[in-house]
Amino acid sequence: EKHISIQRQLADLEKLADLSEGEFASAVSPNTDLQVGAGKKPCPLCPEDKFKACYSHKLHRHLQNLHWKVSVEFEGYRMCICHLPCRPVKPNLIGDQTSMKMGAHYHCIICSATITRRTDMIGHIKRHVNKGETESRYIAAPAPKSSLEVLKEADTDVQVLPNYSTPQKTDSYFNPKMKLNRQLIFCALAVLAEERNPLECLDAFGATGIMGLQWAKHLGNSVKVTINDCNENSVTMIQENCHLNKMKVVMNSKEEDDCDETMEEGEENIGTIEVTKMDANIIMHLRSFDFIHLDPFGTSVNYLDSAFRNVRNLGIVSVTSTDISSLYAKAQHVALRHYGCNIVRTEYYKELAARIVVASVARAAARCNKGIEVLLAVALEHFVLVVVRVLRGPSPADDSAKKIRYLVHCQWCEERIFQKEGNMVEENPYRQLPCDCHGSMPGKTAVELGPLWSGSLFNTGFLRRMLFEAVQHGLDEIQPLLKTLICEAECTTLKQFSIHGPTSQNKQEECGVFIKTPDTSTDYFVVHGKRKSNEMIRNATKRQKSESNAEHPAFYYNIHRHSIKGMNMPKLNKFLQYLSQAGYRVSRTHFDPMGVRTNAPLAQFKSILVKYSTPTYTGGQAEGPVQSTEGAQAGDYVQASQDSSCRKGKKLDGLVGHLSCSFSSLPP
């Protein structure tokens with residue numbers, strides 16, 4: 001039976017007080033002492049030491065004000081607050097006596113749990129409703145499994161809870177907005193699968209298992225997928241989704257799951273997926289993997305040390321961070337606590353967030369005597385994705401650690417520059433900035449941000465191979481983003497960008513990785529896990545070295561941030577042409593749709609922007625420079641001001657003449 005604090009009406013509570021002393025005592029608790037006087041009734045939800053027996057009118061006010069008004073309603077029932085000793089609290093030892101403090105609490109009508117706070121009780125009931133458990137356990141069985149919804153993404157079916165878009169603590173989260181993130185990771189894994197076969201890859205935070213299912217379904221026998229989650233409900237849902245996609249489930253590397261035998265005859269398993277239930281740090285410490293993906297709720301810094309502990313050489317680690325409030329400088333104290341970085345809100349805050357994550361990844365890898373090569377760094381609205389290749393050895397670790405530097409940022413003009421390498425103290429750090437704001441503005445004008453990653457954020461060859469894999473697997477949504485990333489890595493415009501399908505020789509070169517061993521001077525080229533001498537692939541080596549030398553400029557400028565008031569800016573694509581004609585490298589960036597990545601200083605950037613901007617009063621004038629020099633532009637401003645002053649003078653003369661006529665017509 002349900003608890004006596006769960007009633008439909010207030011009168012039902014009053015009826016409990018009308019019971020006889022023996023019946024009521026047996027209904028409440030045998031440990032409650034009742035001393036009922038003549039005509040007095042006890043409270044059915046309070047012990048005697050808290051509320052003594054009283055007359056009916058006083059008991060009615062007590063039940064209404066203390067129990068009924070703060071109740072939680074659900075399907076016609078009221079879960080009133082209860083003060084009975086059915087929820088014991090930890091005893092407090094005071095001398096030789098033991099005092100048991102009984103706290104107020106609620107009884108759940110569905111799962112009979114006891115919860116102290118009313119707000120927690122309301123959230124507890126909402127979680128039951130989101131799971132489809134809308135009927136009490138005292139009345140009927142739990143909700144059937146048909147309440148689960150089936151969603152399809154990239155030819156993969158997954159069962160999700162009705163509240164998949166608004167997760168709670170015990171629910172398996174599925175975010176449709178992270179589809180772009182899953183496709184990027186899939187393309188990176190597909191490129192790695194071309195280098196070595198088979199791959200052991202880990203999805204450390206499986207949730208519904210959608211990412212691991214896509215790996216196993218599209219890459220087949222070239223990957224050995226392991227999906228891990230520490231939540232038991234998530235592990236159960238992952239197993240159901242594996243059976244839904246006709247995948248064989250293995251609970252560990254030796255024994256197969258017994259539920260595989262329940263599959264109907266004639267159905268064939270597409271692949272095998274290992275499902276584990278343990279903490280992500282534990283499984284990454286116990287086993288070695290070629291590909292590890294981390295996508296925790298919030299920051300991922302707690303799992304980086306474990307990820308780099310046993311990852312294999314030349315393997316890939318991808319990290320997805322969703323704590324954008326701290327990375328995008330909305331909670332700066334949280335960024336200092338998690339990442340050890342001092343940041344402020346800037347125009348390039350998204351790239352700043354990507355460099356913060358890469359710096360934390362590089363420090364974690366260096367602690368394990370491993371270096372990193374950044375293959376991809378993407379910062380969009382909902383997440384920051386970083387994909388790095390692991391290079392084992394102290395020399396790559398030292399090279400990666402040297403690329404972590406501080407950034408000097410001017411708060412007046414948004415100019416920025418990385419500090420010089422070395423540990424010598426600068427006499428005047430403002431001299432490093434190209435701008436002269438410190439000399440012309442009062443006070444301190446610059447701040448020191450970081451430490452940040454100062455190296456490249458993209459690998460052009462790896463991005464081209466990712467684009468090739470995206471075309472092969474029909475991932476049309478991600479291809480425009482990959483093209484933008486390739487142009488950004490090469491610092492070129494889309495008009496100069498072209499993609500050619502790799503030939504038999506070029507494809508073999510594209511699918512390789514150039515490695516220089518730290519101990520010897522021998523260069524190797526890894527293709528599908530095999531090493532070839534440098535003489536056979538000299539052209540590919542020269543091409544990769546030229547790509548590494550032509551590193552893209554750090555950070556970008558927002559064209560709206562540096563626009564001139566009263567002037568119409570040129571179109572963004574035309575402005576890129578003007579910068580390119582001036583001899584600077586230029587490209588668009590995925591971090592900001594109105595951002596321009598260029599190696600031009602901010603002063604030259606503004607001068608070209610002013611040169612090709614038009615005044616607002618020439619609305620129909622074609623885009624282009626008003627005059628060939630800035631002095632001509634200043635003359636236009638003077639001429640425009642003179643014209644406006646002449647028009648104002650004519651209006652003033654007319655007004656004076658009108659007033660003189662009016663005054664002359666007045667009587668003396």
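The model is predicted, so to speak of local features we need pLDDT of at least 70, side-chain atom pairs count only at pLDDT 80 or more, and totals for chains, interfaces and linings use all residues. Residues are numbered from 1 along each chain as its sequence is written, and side-chain values use heavy atoms, with hydrogens and water left out. Helices (H or I, at least four residues) and strands (E, at least two) are DSSP runs numbered from the N terminus.

**The sheet**
- Three strands make an open, antiparallel sheet in the order E1-E3-E2; two strands pair if DSSP finds at least two bridges between them.
- Strands E1 (6-7) and E2 (72-74) sit at the edges, each pairing on one side only.
- E1 is joined to E3 (residues 77-79) by two bridges, and Ile 6 stands opposite Met 79 in E3.

**The largest cavity**
- The whole structure holds two cavities of 30 Å³ or more, and the largest has about 70 Å³ of space.
- A cavity here is a set of points, on a 1 Å grid over the protein atoms alone, where a 1.4 Å probe fits but cannot get out; lining residues have an atom within 4 Å of a point.
- Grid points are joined across faces, edges and corners, and a volume is the space filled by probe spheres set on the points.
- Among the residues lining the largest cavity are Glu 153, Arg 182, Phe 186, His 218 and His 473.
- Helix H5 (179-195) and helix H6 (210-219) are the elements giving two or more residues to that lining, and H5 gives the most, with three.

**H5 against H15**
- The axes of H5 and H15 (residues 460-472) come within 9 Å and cross at roughly 105 degrees; axes are lines fitted to C-alpha atoms, for helices over the stretch in contact, and angles run from 0 to 180 degrees between N-to-C directions.
- The two helices, H5 and H15, are therefore roughly perpendicular to each other, a label for angles of 65 to 115 degrees.
- Contact (heavy atoms within 4.5 Å) involves residues including Leu 184 and Val 191 of H5 and Phe 462 and Met 466 of H15.

- Most residues other than glycine have a negative phi, and most peptide bonds are trans.
- Asn 197 and Pro 198 are joined by a cis peptide bond, with omega about 0 degrees; Pro 198 lies in the loop between H5 and strand E10 (199-203).
- Asp 155 has a positive phi, near 60 degrees, in the loop between strands E8 (149-153) and E9 (156-160).

Conventions
On a 1 Å grid over the protein atoms alone, a cavity is a set of points where a 1.4 Å probe fits but cannot get out, and a pocket is an open set with protein on both sides within 12 Å along at least five of seven lines; lining residues have an atom within 4 Å of a point. Angles under 35 degrees count as roughly parallel, over 145 as roughly antiparallel, 65 to 115 as roughly perpendicular and the rest as oblique.
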